[in-house]
There are 2 protein chains.
Amino acid sequence: MRMDPHLLRTYVAVARLASFSAAARELGYTQSAVSQHIAALEQDLGTPLLGRRPVAPTRAGERLLEHAGPLLLRLDAARAEVTALAGAPDEGLTLAATPTALTPRTLRALPPTGVTLRVLPRADVPEAVATGAAHLGLVDGLAAPNDPLRLADVAPLTTRGAGQEPVRVLLPAGHPLARRTGLRLGDLADARWLDAPGAGLPLHQLRAAHGTGGFRPALRYEGTDVRTLIGLAAAGHGLVLLPESAAAAPGTGTVAVPLTEPRVVHRTEVVHTGELRGAAAAFAVRLDITRS
Amino acid sequence: MRMDPHLLRTYVAVARLASFSAAARELGYTQSAVSQHIAALEQDLGTPLLGRRPVAPTRAGERLLEHAGPLLLRLDAARAEVTALAGAPDEGLTLAATPTALTPRTLRALPPTGVTLRVLPRADVPEAVATGAAHLGLVDGLAAPNDPLRLADVAPLTTRGAGQEPVRVLLPAGHPLARRTGLRLGDLADARWLDAPGAGLPLHQLRAAHGTGGFRPALRYEGTDVRTLIGLAAAGHGLVLLPESAAAAPGTGTVAVPLTEPRVVHRTEVVHTGELRGAAAAFAVRLDITRS
DNA sequence: ACCCTCCATAAGTGATGCTGATGCCCGTCG
DNA sequence: CGACGGGCATCAGCATCACTTATGGAGGGT
C-alpha cells in the first residue's frame, strides 16, 4: 500500500527483465506475489506503471524508475554506514578507484599490506563507497585548477583533493599534430575521439570543459584498462585525454602532447563516508602528506 | 524488519521531538507502536539508534538521520512526479522562489493570471519543486560568470539559466567605504556581515567565492523579506551582498557598491522536474526569450 | 516517600503478504 | 482454423505482521 522498498525492488526487477515471472524467479517469490506487488504499487500511485504484453514501463513508470534506483542505492548506503559504525573497525583497506586515479603518487601512499584494490568505471566508485563495498574511493576527472570535482551525490560523501597534474592529449605517433609542443582543445573538437567512461576521461567532461558540443566518439571503450586504451589510440581509433602520469608511455607508438587551452587539470579526489577509521584513515593521511 | 519508510518516518519524528510519546501523538500512533518501530529498526540494523532518557540519537543514529531525511524527501518526490503524470495538467502555475531571485525581469515574464507565488528560503526551493508543491522553482546564488549554480540534488531536477546580474555590497549610508566606486571581497572578510540564508546570499557562498574563511555573521536573519534585510544593513547590523536589482533602494539609508573582485555574478536559475506542461512551460519560454 | 511521566513489554486481534491453484488472454504451430 | 502453451491476473487459504490495549518498571520532581 505504501511505497515499500520491497515493492520498488520488485518493480525495478520486473522493468529490467521485462517479465513478471523472470523477476519472481530472481527475487525468490512466486509469480503471483510479483503480480500483487506491481498491482499494489499501481493502485497506490493511481496510475499504471507497466504495459503488459510486452512488459514495458509506461511514461509514469519510467519516471518511477529514475527515482527507484537511487532510492534503493541510498537505502543500502544508509544501512551500510550505520552497521559499519556498529561493528568493529574492519581489518585492511578496500579501495575503489578509477584506473587513471591510480597515479604513482597515490600508489606509493598505499599501506604495504592488507590492501584490496578494486578498479571500477568512474560512475561506480561513489556507489561502491556509499554502499560500503569500499572504505575509500579515488575518483578523477577534469576540473579548473583548484576547483572540486562534480560528483553525483548518491549519499553524503566527503571528498578531499588528492592531487592534480597536467592533462595530455594522446596521439598516434604518426599523427600530423604529434610534433606540436602544446594543443588547444578547441582545435580538436572535430577530431575522432575515444569515449572511455571507464578508463580515460569521459567525453562529456571535455564538452563541459570546452563549453560546447563536438567531440563525437569514434569508438567507445567500456573496459577499465589503460594499456588497451593507449593501444587503441596508437592504432588511430581516436584521441584520448589522459593525466600526464598515465600518458607517459614510451614504446607504445603514441605521443602525449600537453593541453594548453583551456586551463584544466586532471584532479583526483579521495571520497569517503563519515569519518575514517583504521587503515583507511592512515592512508588518507599519507596521501595528504605527499600532496603535490 | 526491513528499513520501511514508515519506520524511518517515525524515527526522524522521535529524533526531532526527542520523545517517543510526542512522536506517537504527532503520527497518530500509540506510544507502544512507536516503541516497537524503533525497536524493529534497532534490531534490523543491529545497533542502538537512540539513547533513552534523554532520548537522543547515538552516533549510529545521527548517521541514519543524515540519510533518512533525503530518503523520505525523495520518496515523496517520486510519488509526486508519478502521480502528476497521471492526473490532468494542473491549471495555473505555482512558483517557488527565493526573494532575490524575483528580479524585475522574472516578474515581468509571469503570466497575468493564475499564478501562485511562494517565497521560500533558498534551501527549500528545490524541495518544493521535487515534492510537487511547486511546478517551477527560481533559485539564485553566487557563481562565476556562466557557471551553473550548485544545488543539492534531492531528486533529478532540470535547471536552466534565467539571467545574471552584477553583485553589490550593501553598506549603511555613513559607512567609511560607502564612497567607493567598487569593493573587493577580500577587503571585507573581516567586516560584520549579515547571515541571511533566506533572503540575501548565504555567507557560505561568500566564503566559497573568496576561497577562505572569514565572513563571521554579526546577525542572523531567518526571514525572507528583503526590505527588512536592507533595513538591518542600514542600521549597521552588517553588510549584505545583493543582486543589483534588489540593492537599488534609494531612500533606505544604504549605498550599494559594486563588487569588483572576485568576478562573480548573481545568477538565477529555473529548476523543474521532468518535462514542463501548461502554464509552467509557457513561463519558461517567456523567461528564455527575455534572457539577458 | 510518593507520584507522575515516559518507555518497555505482553497479549490479543484485524490486516497483510505470501503460496498454490485456477482462469484468461494472446501468440504460435500443427 | 483450432489446439496448445507461455505468461499475467485472480482467488482462497493461511501464516505472519503491525497495530491496539493493558501492564510493568525506571527516573525525576515535589
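Trainee: Before the symmetry, how are the copies superposed here?
Mentor: By least squares on the C-alpha atoms of residues with pLDDT of at least 70 in both copies. The model is a predicted one.

Trainee: OK, so what rotation and shift put chain A on chain B?
Mentor: A rotation of 180°, with 0.0 Å of shift along its axis. The RMSD of that superposition is 0.3 Å. This is how a two-fold axis relates two copies.

Trainee: Which residue of chain A comes closest to the rotation axis?
Mentor: D4(A), whose C-alpha is at 3.1 Å from the axis.

Trainee: How is the size of an interface often given?
Mentor: As the accessible area lost when the parts come together. Between chain A and chain B, about 3,400 Å² is buried. Carbon and sulfur atoms give 58% of that area.

Trainee: Which residues in chain A lose the most area to chain B?
Mentor: R63(A), H67(A) and V82(A). Together they account for 19% of what that side buries.

Trainee: Switching to helix packing. At what angle do α1(A) and α4(A) pack?
Mentor: About 125°, with the axes 10 Å apart. Helix α1 of chain A is residues 5–17, and helix α4 of chain A is residues 59–86.

Trainee: Why call that pair oblique?
Mentor: Angles over 145 degrees count as roughly antiparallel and 65 to 115 as roughly perpendicular. The crossing of α1(A) past α4(A) is left-handed.

Trainee: Which residues of α1(A) and α4(A) meet?
Mentor: From α1(A), P5(A), L8(A), R9(A), Y11(A), V12(A) and A15(A). Their partners in α4(A) include L64(A), L65(A), A68(A), L71(A) and L72(A). By class, this contact of α1(A) with α4(A) has eleven nonpolar, one polar and three charged residues.

Trainee: Now chain B. How far apart are the axes of α1(B) and α2(B)?
Mentor: 8 Å, at an angle of about 125°. Helix α2 of chain B is residues 20–27. The two helices, α1(B) and α2(B), are therefore oblique to each other, and their crossing is right-handed.

Trainee: What residues make that contact?
Mentor: T10(B), A13(B), V14(B), R16(B) and L17(B) from α1(B), with F20(B), A22(B), A23(B), E26(B) and L27(B) from α2(B). The contact of α1(B) with α2(B) has seven nonpolar, one polar and two charged residues.

Note on methods. Residues numbered from 1 in each chain as written. Chains lettered and ligands numbered in written order. Predicted model: local features only at pLDDT ≥ 70, side-chain atom pairs only at ≥ 80, totals over all residues. Heavy atoms only, no water. Axes fitted to C-alpha atoms, helices over the stretch in contact; angles between N-to-C directions. Helix = DSSP H or I, 4+ residues; strand = E, 2+ residues; numbered from the N terminus. Left-handed = near helix turned anticlockwise from the far one by under 90°. Contact = heavy atoms within 4.5 Å. Nonpolar A, V, L, I, M, F, W, Y, C, P; charged D, E, K, R; others polar. Buried area = accessible area lost by both parts, 1.4 Å probe. Parallel < 35°, antiparallel > 145°, perpendicular 65-115°, else oblique.
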